[in-house]
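Please look at the sequence and the structure first.

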Amino acid sequence: MNTDKGIFISEIREGEAVEGVFLVKELNRGETRAGKPFLRLTLVDQSGEISGPVWEDAETLAPLCQAGSFIKLSGRGESYRGTPQLKINQVEAVDREAVDLADFMPSGEFDRQELETELDKILGCIHDPHLERLLAAFFQDPEMRQRFATAPAAKAMHHAYLGGLLEHTVAVANLTVAIGRLYPAVDRDLLLAGALLHDVGKTEELTYQEYPFGYSNRGRLVGHLVIGAEMIREQAQQLPDFPPELTERLQHLVLSHHGRHEFGAPTLPMMQEAFILHFLDDLDAKVNYFGRLSRRAEEPGYQWSEYQRNLERFLYLRGPESAAEPGGSGGDSFRDDTPLRRQQSAANPGRDPEPSEDPAGPAADPRQKGLWG
């Protein structure tokens, strides 16, 4: 028999009682100034995430609150520095078999079928016959298509929800379409193909059948840039008369799109298309990250975020109502004869803590620094 989910995180309001089942994303331990232990939990469900302290019985409750555990809690909604949080009063364990996992898997604010339709329109913009065949080998394969449309784009920081890889890829691809109009000297087909395939390795790097998302063994040992470059080479070798030098140029875009060695790039951008892809990938990741933080703020108007370790700065954000004001990021997408989509930020947890999952400090692994995922 399934346990009743109760309230969703998006429904929690300051000052109101909270009763519900949540998935523990992160458990941190601390001590008060008096030396009393306490817990700080980060909780998630499909509508978002929220944090809160457990002040009483911390040592007793810690085994129930490990990351990946389901708990039923009672408490009250609060606000700390403009950010919603929970005051947690009671906690009890919940059997994983007694919950509907769909209630706890984050998803973005988009229609996945519409995004897939848009992806197909973008694929139709490729004119180079070799790249057209290569992309068809990827995106017309039903198994690959399913994985690509389902995978998150990162573990926790940006587009870190089911379908996030598809959303991020479509956004970056549309940005390359706009850049191609502005700079006719750019190899538009190569740039667009690079955008469509730059993160394809994440279909094998990440594990996303349950939440929290994680890394496969190959993902940790090899990484999605190299995985993606290998996938491109393997597909190209199966296509008759596919030019080897075109394979190399496309692999270069994938391998260099993190931009710097300390961000995990095996090689630095050495083609103008590689530079452009690097900047557009970073742009879309940061816009999604800003959107997540802005939507978590309770107050309208501009306000300061907490210190963002991965960006090494505070951020001056607009609250949720402000995003729809003139000049903001809200509004309808604009289109003409070529598909072009304005990025829609998600209210769910954003980008991979490929800076750090440790609240005590920055990441030790340089591959995990930055908003690159």
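## Helix α3 and L134

Helix α3 covers residues 129-139 and contains L134; helices (H or I, at least four residues) and strands (E, at least two) are DSSP runs, numbered from the N terminus. The model is predicted: local features need pLDDT of at least 70, side-chain atom pairs count only at pLDDT 80 or more, and totals for chains, interfaces and linings use all residues. Numbering starts from 1 along each chain as its sequence is written, and side-chain values use heavy atoms, with hydrogens and water left out.

L134 counts as buried because its relative accessibility is 0%; buried means under 20% relative accessible area, exposed over 50%, and partly exposed in between (1.4 Å probe, protein chains only). Leaving aside residues up to four places away in sequence, L134 touches L197, I232, Q235, A236, L239, F242 and L250, where a contact means heavy atoms within 4.5 Å. L134 and I232 are 98 residues apart along the chain, and their C-alpha atoms are separated by 8.1 Å.

## Nonpolar cores

The largest nonpolar core has 61 residues, and the members that touch the most others are L134, L135, F138, F139, L196, L197 and L250. Such a core is a set of buried Ala, Val, Leu, Ile, Met, Phe, Trp, Tyr and Cys residues joined through side-chain atoms within 4.5 Å. L197 touches L134, L135, F138, F139, I232, L250 and V254, again not counting residues up to four places away in sequence. A second, separate core has 21 residues, including F22, L27, L41 and V54.

In soluble globular proteins, nonpolar side chains tend to be buried together.

## A nonpolar surface patch

Y302, W304, Y307, F314 and Y316 form a nonpolar patch on the surface, with about 650 Å² of accessible area together. Patches are made of residues with over 30% relative accessible area and no salt bridge; like charges are joined within 9 Å, and nonpolar side chains (Val, Leu, Ile, Met, Phe, Trp, Tyr) within 5 Å. Accessible areas come from the Shrake-Rupley method with a 1.4 Å probe, and for residues only the protein chains shown count as cover.

Y307 sits in the loop between β8 (302-304) and β9 (316-318). Y307 counts as partly exposed because its relative accessibility is 42%.

## Salt bridges

There are twelve salt bridges, each defined as a side-chain nitrogen of Lys or Arg within 4 Å of a carboxyl oxygen of Asp or Glu. In one of them K25 pairs with E49, the closest N and O atoms being 2.9 Å apart. This pair links strand β1 (residues 17-31), which holds K25, to strand β3 (residues 48-54), which holds E49. Both K25 and E49 are buried.

E116 and R145 also meet in a salt bridge (2.8 Å, N to O). E116 belongs to helix α2 (residues 112-123) and R145 to helix α4 (residues 142-150), 29 residues apart. Both residues are buried, and salt bridges that share partners join E116, D120 and R145 into one network.

## The chain and its confidence

The protein chain has eleven helices and nine strands. Buried residues make up 53% of its 373 residues.

Mean pLDDT (the predictor's confidence in each residue, from 0 to 100) is 84 for the protein chain, and 85% of its residues reach 70 or more. Over residues 323-373 the pLDDT is below 50, although this stretch has 163 contacts in the model beyond near neighbours in sequence. Where pLDDT is low, the predicted coordinates should not be read in detail.
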